[in-house]
Amino acid sequence: MAKRLLPSLNQVLVEKLVQPKKTAGGILLPETSKQLNAAKVVAVGPGERDKEGKLIPVALKEGDTVLLPEYGGTEVKLAADKEYLLFREHDILGTLVD
């Protein structure tokens with residue numbers, strides 16, 4: 001099993017953030033409650049090249065929290081207990097900031 005995956009070109013490897021099933025007060029949240037589809041960036045590729053051959057770097061960096069589309073991405077199994085997805089940079093909807 002691979003220890004670390006380095007994405008190629010403009011690919012971004014993210015770990016989906018697990019939303020809490022219970023509030024701090026102990027109230028159970030239903031599965032149907034609308035929550036953000038957020039993930040943490042684990043690794044980024046070097047970027048892609050333009051027509052002149054110049055490298056266009058990926059705008060995201062490791063540790064960023066991003067908003068993902070509802071569907072898409074390629075599921076990658078690196079650890080048994082974590083869910084990783086591989087997206088192209090332009091498929092990611094945006095960066096979440098505090």
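Predicted model: local features only at pLDDT ≥ 70, side-chain atom pairs only at ≥ 80, totals over all residues.
Reader: What makes a stretch a strand here, and how many does the chain have?
Author: Strands (E, at least two residues) and helices (H or I, at least four) are DSSP runs, numbered from the N terminus. By that count the chain has eight strands and zero helices. Along the sequence, that reads β-β-β-β-β-β-β-β.

Reader: How do you know that E1 and E7 pair?
Author: Two strands pair if DSSP finds at least two bridges between them. E1 and E7 have five bridges, in the antiparallel sense, so they pass the cut-off of at least two. Val 14 stands opposite Leu 85 in E7, and Leu 13 stands opposite Leu 86 in E7.

Reader: What about E2, which strands does it join?
Author: E2 is joined to E1 by five bridges and to E5 by three, and both pairs run antiparallel.

Reader: What is the order of the strands in the open sheet?
Author: The six strands go E6-E7-E1-E2-E5-E8, with antiparallel pairing. In general, strands of a sheet pair through backbone hydrogen bonds, either parallel or antiparallel.

Reader: Why are E6 and E8 said to stand at the edges?
Author: Strand E6 (74–76) and strand E8 (94–96) each have a single partner strand, so one side of each is left without a neighbour in the sheet. Neighbouring strands of this sheet are turned by 45 degrees against each other on average, direction ignored (axes are lines fitted to C-alpha atoms, for helices over the stretch in contact, and angles run from 0 to 180 degrees between N-to-C directions).

Reader: Why is Asp 64 called buried?
Author: Buried means under 20% relative accessible area, exposed over 50%, and partly exposed in between (1.4 Å probe, protein chains only). Asp 64 has 13%, so buried is the word for it. Of the 98 residues of the chain, 27% count as buried.

Reader: And what makes Lys 61 and Asp 64 a salt bridge?
Author: The rule asks for a side-chain nitrogen of Lys or Arg within 4 Å of a carboxyl oxygen of Asp or Glu. Lys 61 and Asp 64 have 3.2 Å from N to O, so they qualify. Lys 61, at 54%, is exposed. In general, side chains of opposite charge can pair when their charged atoms come close.

Reader: How many salt bridges does the structure hold?
Author: Two. Glu 75 forms one with Lys 77, where the closest N and O atoms are 3.9 Å apart; that is within 4 Å, so this pair is a salt bridge too. Glu 75 is exposed at 52%, and Lys 77 is exposed at 53%.

Reader: What is called a nonpolar core, and which residues are in the largest?
Author: A nonpolar core is a set of buried Ala, Val, Leu, Ile, Met, Phe, Trp, Tyr and Cys residues joined through side-chain atoms within 4.5 Å. The largest has eleven residues: Val 12, Val 14, Ala 39, Val 41, Val 58, Leu 60, Val 66, Leu 68, Leu 85, Phe 87 and Ile 92. Strands E1 (11–16), E2 (38–44) and E7 (84–88) each give two or more residues to this core. Apart from it lies another core, of six residues, including Leu 13, Ala 43, Tyr 84 and Leu 86.

Reader: What is Phe 87 in contact with?
Author: Contact means heavy atoms within 4.5 Å. Leaving aside neighbours within four places in sequence, the contacts of Phe 87 include Val 12, Val 14, Leu 68, Gly 72 and Ile 92.

Technical notes. Residues numbered from 1 in each chain as written. Heavy atoms only, no water.
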